[in-house]
Structure formats: C-alpha cells, structure tokens
Amino acid sequence: MTHDSATSGGTPEVGLEGLLSYEQALSRVLAAARELGPVGAEEVSLEEAAGRVLAEDVVAEEDVPLASRATMDGYAVRARDVEQASEKSPVVVRVLQTVTAGSQASARVGPLECVRVMTGVPLPPGADAVVPQEVTAPQPGGAIAVMRPVGTGANTFAAGGDIRAGEVALREGRMLTAGAVGLLAALGRVRVRVRRRPVFAVVATGDEVVEASAPRLGPGQVRNSNAYALGAQLRAWGASVRLAGVARDDEGALRDTVLAAMERADALAITGGMSVGLRDLVHATLAALGVQWRFHRVAIRPGRPVAFGVWDGRPVFGLPGTPGGAMVAAELFMRPLVRVWLGHPWHPPELTGTLATPLEMTPGRLRWLRARAWLSGGRLVVEPLARQSSSSVRSPAEARVLVAIPVEVERLPAGAEVRVRLLADTEWDGLPGAAG
Ligand SMILES: Nc1nc2c(c(=O)[nH]1)N[C@H]1C(S)=C(S)[C@@H](COP(=O)(O)OP(=O)(O)OC[C@H]3O[C@@H](n4cnc5c(N)ncnc54)[C@H](O)[C@@H]3O)O[C@H]1N2
Ligand code: MOO
C-alpha cells in the first residue's frame, strides 16, 4: 500500500535537523507532570465514581464477608463426620433446622448432625463444610444420606476471606473500574475521595476556522472540528473541558482569547498556528505572555509542530491545526500528562500487532499511522488507512489504533510485527469480509 503524503521515494524530509525525538519529548512532559504533583481531590458519591482516580487509601472497617458462609445450597456438616461417605455406604445425618437467606442458624451442629443452608447464609456454629444438595438423598424422619465426602472448608467462604478488617482494599491512585465501585459499595463506602478533573481550556486559532455550527462555509473556511475532538479525548482521559472559542490570527486576539480562557482553567490546549507560516503566531505570542516552552517540534509524523510548556504551574500544549496532527500529538503527549497529573502511573497502552498489508513510506520521523484493527484467531491485525494525510478528518474517525513505524523504516511486508497504540476508546473492527 502506498500512502498519500507519506509516499516513499526515499527523499529525506526537510527541516528535521535538531528535532527532539518522541522519547525525549515524552520524558519532558512526564517530568513536568511529576513536578505538577497530583491535582487536588474532591469527594464524590459512588454513582459518580466510575472512571475517577482514587485520592485516598480505602481501608476495610470490617471483614468481608463478615461471617463464614455457604457457597452452595446444601447441608452444613462437620467434614470429619462424612469422611467415609460413598454412594454404596452413605452417612446418615440428622437435619436440625433449615436456614434461608437473611437469617442464621440457632442450633449448633454436633456429631452426625447438620443444618440445611442456602447459598450465602452464615455457616452454623459447629459446622465446617457444606455438602451440596445434589450428593444427598432425603431419609425418613428428618435426616439425609450423604453420598460423598467433603473436605474441611469445602463450599464455604471464610470470614475475612475476601478482605480483612484493617486491610487496604483499594490504594490511592487506583482507577475506579466497575469492579472497584462494587467493592466500595460492599465496604459501605458510598462517598469517596477522588482526584479533581483538571480543567483544560481548549482554544482553536485561525482566520479560516469557523464555528462547527456554521450552516455553510465560505471559500477557504473550515469548521472547528479540532476543539470537539480534543475535548472528547480529554474527557476520555479523565479531564474536564471548557471550549473557549476560536481566536483570529493576530497577536491581540490570540492574547485576549487565551487570557480569558485561562481565568478558570488549569491547563491550555491550543490548536493551529504552530508551524512556520506567516500567521503561525501561537508560539511567540504565548512566550510573550510568559509560557515557558519545554519543546517545540518533535520528529513524529503527523504532529511535528507540537509544543509543550508550563505557564505559572499550568501545562500548555500547542497542537498542530491539522486534525490528524492534533489528534496524534494529543494522544502521545497530552494523555500521559493527564494521567500522571491525576496521580495514575503512565504505562503506554501499546502491544504488538501484525500488519495486514505491505507498507512503503518516507523515513525520517516516527510515523504514527491511523489504522483499522481487528482480532483474528486471538491475534491483533492492523491495516493502516489509505488516507494518512494529517489534513484528513476522516482518518481520525476511522482509526481504531495508531501504528508506530520507526524513524528509519522505509518498507514493511504484510505479516510484519508492528507496535500498536490503543486509544482510550479503541474498539475492534469486524473481520474484513465477514458479515455483520
Ligand atoms: N513550510 C512548512 N510548512 C509546514 C510545515 C513545515 O514544517 N514547513 N509543517 C507542516 C505540518 S507537519 C503541519 S502539522 C502543519 C500544521 O500547521 P499549523 O499548526 O500551523 O496549523 P494551521 O496552519 O493553522 O492549520 C493547518 C490545517 O488545519 C486546519 N485547521 C486549523 N485549525 C483547525 C480546527 N480547529 N479544526 C479543523 N481544522 C483546523 C487548517 O485550516 C489547515 O488546513 O503545517 C505544515 N506546514
Ligand atoms: O506533523 Mo504534520 O505531519 O502534517 O501533522
């Protein structure tokens, strides 16, 4: 497959000298994120806790379960009484009482006695195992015949067997998944301290950029798609977003828009005007406002003109105007910052996949190709989209994953193993050619 705007020929790219590598740039972002320290905390109710990062260690105040309990419907016995039980010579035990969910036995189980129990009820005193109903047979006079032995503790869940009182059940920095929310509820924690969502002001720039709601476009105009796409990425990573409009390409307008946007924001993401054109004013204008840029321009494709800096302790990202460049630069640099800022460790969500089609492209930058992805026989297969122009709004929409092609690689055969980056909202495509 040949890629538009990524076509080979082996010609070296212009202006690559002195560009920071992806790894160098990422380490500067991570260093700054650590300097920021975790963002403040707030208390939320459990219904709002999913997807948030825990800002406290949650200690269990009681054993879970509180008492040992049956995990099968059957008969609570003393395991040693039924050691010799078999179908040929069953052991007959006397049923003292029946206990259903929500109550507990009043009787103590003695030699050759049992209590009929339902799943979940507390194990009666004296009993140490449960014989499942299926391996028993009723006998006349309120007794049962046990036809198989059970080991001590069989078909029971010991008190504190899940979590002991005093134990840390969930640690600070844990992302609250559905399962973690369930655990908090089981511990009676209906309110919990989580990291506040840092507020990102999202500013678009460009004389040609108009509101997404514009009914029709004039010549040379584009709708502001980047702000919405960036907003969606940021929310998926756990940040909150204020869309702060479109600034004209002049220093005054840019300054006013940014200053207004930052009045109530913790961070800034600004797109467009990052390159070398006559109207690419963002870098210089923000520097004049006091932004301390930590880098500008990285050897990645797309996204080369990306910049990152800090302004009075607040992170600032300058993202390319091209939709593909903005999406990739945000994924590569803004996502890790958001996660670390939230107090969550950053482990790049990357794995190895297999290329479905051969690739040919210009070397010189680390390429992050927007690609389709599906599972075949449990293996991840990726197919870079034909349209790789960073100007395309369609390729970010069709991409399930990003495929990283190393700086020096010019061609790869079908079947080659490649590094694949999962997005926060990655879902798989259907198998090509399969119905549905
Ligand atoms: N001579 C050079 N030209 C360019 C270089 C270079 O190194 N030398 N770099 C190229 C690369 S790589 C990129 S990426 C682009 C990015 O440039 P900018 O960040 O300055 O972006 P703009 O010029 O403002 O816009 C580019 C493109 O994207 C459209 N756009 C802008 N904002 C939005 C928005 N909010 N929503 C949707 N689309 C947007 C804009 O209309 C342009 O078509 O520069 C290359 N040039
Ligand atoms: O770096 Mo730019 O490749 O067009 O996004």
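Predicted model: local features only at pLDDT ≥ 70, side-chain atom pairs only at ≥ 80, totals over all residues.
Trainee: Which residue has a backbone N or O atom 2.6 Å from an oxygen atom of ligand 2?

Mentor: The residues around ligand 2 include Arg 301, Arg 304 and Arg 365. Arg 365 uses an N or O atom of its side chain, 3.2 Å from a ligand 2 oxygen. The backbone atom at 2.6 Å belongs to Arg 304.

Trainee: How many charged residues are in the shell around ligand 2?

Mentor: Among the residues around this ligand are Pro 302, Gly 303, Pro 305, Gly 325 and Ser 390. By class, the shell holds two nonpolar and four polar residues, and its charged residues number three.

Trainee: Which residue places a polar side-chain atom 3.1 Å from an oxygen atom of ligand 1?

Mentor: Ligand 1 is surrounded by 21 residues, the closest being Glu 208, Asn 224, Gly 273, Met 274 and Ser 275. Asn 226 has a backbone N or O atom 3.2 Å from a nitrogen atom of ligand 1. The side-chain atom at 3.1 Å from a ligand 1 oxygen comes from Asp 280.

Trainee: Is Glu 56 buried or exposed?

Mentor: Glu 56 sits in the loop between strand S1 (41-45) and strand S2 (58-59). Beyond its neighbours within four places in sequence, its contacts include Leu 170, Arg 189 and Val 192. Its relative accessible area is 17%, and the limit for this class is under 20%, so Glu 56 counts as buried.

Trainee: Which residue's backbone nitrogen does the side chain of Glu 56 reach at 3.0 Å?

Mentor: Arg 171, Glu 172 and Arg 193 are among the contacts of Glu 56. The backbone nitrogen reached at 3.0 Å is that of Arg 193.

Trainee: Which three residues supply 71% of the area that domain 1 buries against domain 2?

Mentor: The centres of the two domains, taken over C-alpha atoms, are 31 Å apart. Five residues of domain 1 are in contact with four of domain 2. Together the domains bury about 440 Å², 46% of it on carbon and sulfur atoms. On the domain 1 side, the three residues that supply 71% are Gly 40, Arg 197 and Arg 339.

How values were computed
Residues numbered from 1 in each chain as written. Chains lettered and ligands numbered in written order. Heavy atoms only, no water. Near = heavy atom within 4 Å. Polar contact = N/O pair within 3.5 Å; in protein donor to acceptor, adjacent residues only side chain to side chain. Nonpolar A, V, L, I, M, F, W, Y, C, P; charged D, E, K, R; others polar. Helix = DSSP H or I, 4+ residues; strand = E, 2+ residues; numbered from the N terminus. Buried < 20%, exposed > 50% of the residue type's maximum accessible area, 1.4 Å probe, protein only. Contact = heavy atoms within 4.5 Å. Domains from an automatic or database assignment. Buried area = accessible area lost by both parts, 1.4 Å probe.
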